[in-house]
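Open the model in your viewer and keep the sequence panel beside it. This tour goes stop by stop, with something to select at each.

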Amino acid sequence: MTTWITICDTCKREGWESRTMAQTDGEALAALVEAAATGLPGVKTRRVSCLMGCKSGCNIAIQAQGKLNYTLGDFIPDADAASGIVTYALAHAQSTTGQVPYRDWPQSIKGHFVTRHPPLPDTE
Ligand code: FES
């Protein structure tokens with residue numbers, strides 16, 4: 001089952017306007033995550049504009065049908081963050097429930113979890 005990494009590509013961290021403004025912080029993180037996830041089995045990426053966590057960008061979501069889903073935020077768009085996000089998503093994809101043991105969490109995602117969403121019930 002595919003685990004999706006959804007990256008907000010409109011996030012701007014504090015002081016963004018004083019930097020190059022060539023791209024948003026979210027676009028920078030998205031490019032790094034996409035590159036890190038290329039070719040990995042069971043992990044796909046997509047971009048969206050705003051996950052409604054704008055005050056604590058950069059924000060992403062980790063989701064798969066029938067599993068625990070997560071939102072994470074306050075990422076600096078760098079290779080360390082991208083690597084941690086993708087490593088966690090791969091472990092999420094390999095888990096039957098979406099729960100990844102804490103001992104397997106990459107250091108760079110610790111402290112970035114915002115919410116956890118239980119899977120929806122199967123019944124209508
Ligand atoms: S702009 Fe990224 S969460 Fe709103």
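## Stop 1: D25 and its contacts

Select R13 and D25: the backbone nitrogen of R13 lies 2.6 Å from a polar atom of the D25 side chain. This is a polar contact, meaning a pair of N or O atoms within 3.5 Å; within protein, one must be able to donate a hydrogen and the other to accept it, and residues adjacent in sequence count only if both atoms are side-chain atoms.

The model is predicted: local features need pLDDT of at least 70, side-chain atom pairs count only at pLDDT 80 or more, and totals for chains, interfaces and linings use all residues. Residues are numbered from 1 along each chain as its sequence is written, and side-chain values use heavy atoms, with hydrogens and water left out.

Is D25 buried or exposed? D25 is buried, at 7% relative accessible area. Buried means under 20%, exposed over 50%, and partly exposed in between, with a 1.4 Å probe and protein chains only. Now show the contacts of D25, leaving aside neighbours within four places in sequence: C11, K12, R13, W16, R19, C58 and P77. Contact means heavy atoms within 4.5 Å.

## Stop 2: helix α1

D25 sits in helix α1. Helices (H or I, at least four residues) and strands (E, at least two) are DSSP runs, numbered from the N terminus. Select residues 25–37 to see the 13 residues of α1.

Colour the buried residues of α1: D25, G26, A28, L29, A30, V33 and A37. Their cover includes β1 (3–8), β2 (43–48), β3 (60–63) and α2 (79–94). For contrast, pick A35, also in α1: A35 is exposed, at 55% relative accessible area. Just after the helix, G39 takes a positive phi of about 85 degrees.

## Stop 3: the sheet

Select the strands. Five of them form an open sheet in the order β2-β1-β3-β4-β5, with mixed pairing. β2 and β5 (113–117) stand at the edges, each with a single partner strand, so one side of each is left without a neighbour in the sheet. Two strands pair if DSSP finds at least two bridges between them.

Zoom in on β1 and β3, which pair in the antiparallel sense over four bridges. W4 stands opposite Q63 in β3. Next, select T6 in β1. T6 is buried, at 1% relative accessibility. Which residue's side chain does T6 join through a polar contact of 3.3 Å? The partner is Q63.

## Stop 4: the aromatic rings

Show the aromatic side chains. The whole structure has six aromatic pairs. Rings of Phe, Tyr and Trp (its six-membered ring) pair if their centres lie within 6.5 Å; planes under 30 degrees apart count as stacked, over 60 as edge-to-face and the rest as tilted.

Select Y70 and F113. Their ring centres are 5.5 Å apart and their planes are at 85 degrees, so the pair is edge-to-face. The pair links distant parts of the chain: Y70 is in strand β4 (residues 69–72) and F113 in strand β5, 43 residues apart. Y70 is buried at 7% relative accessible area, whereas F113 is partly exposed at 24%.

Conventions:
The expected span of a helix is 1.5 Å times one less than its number of residues.
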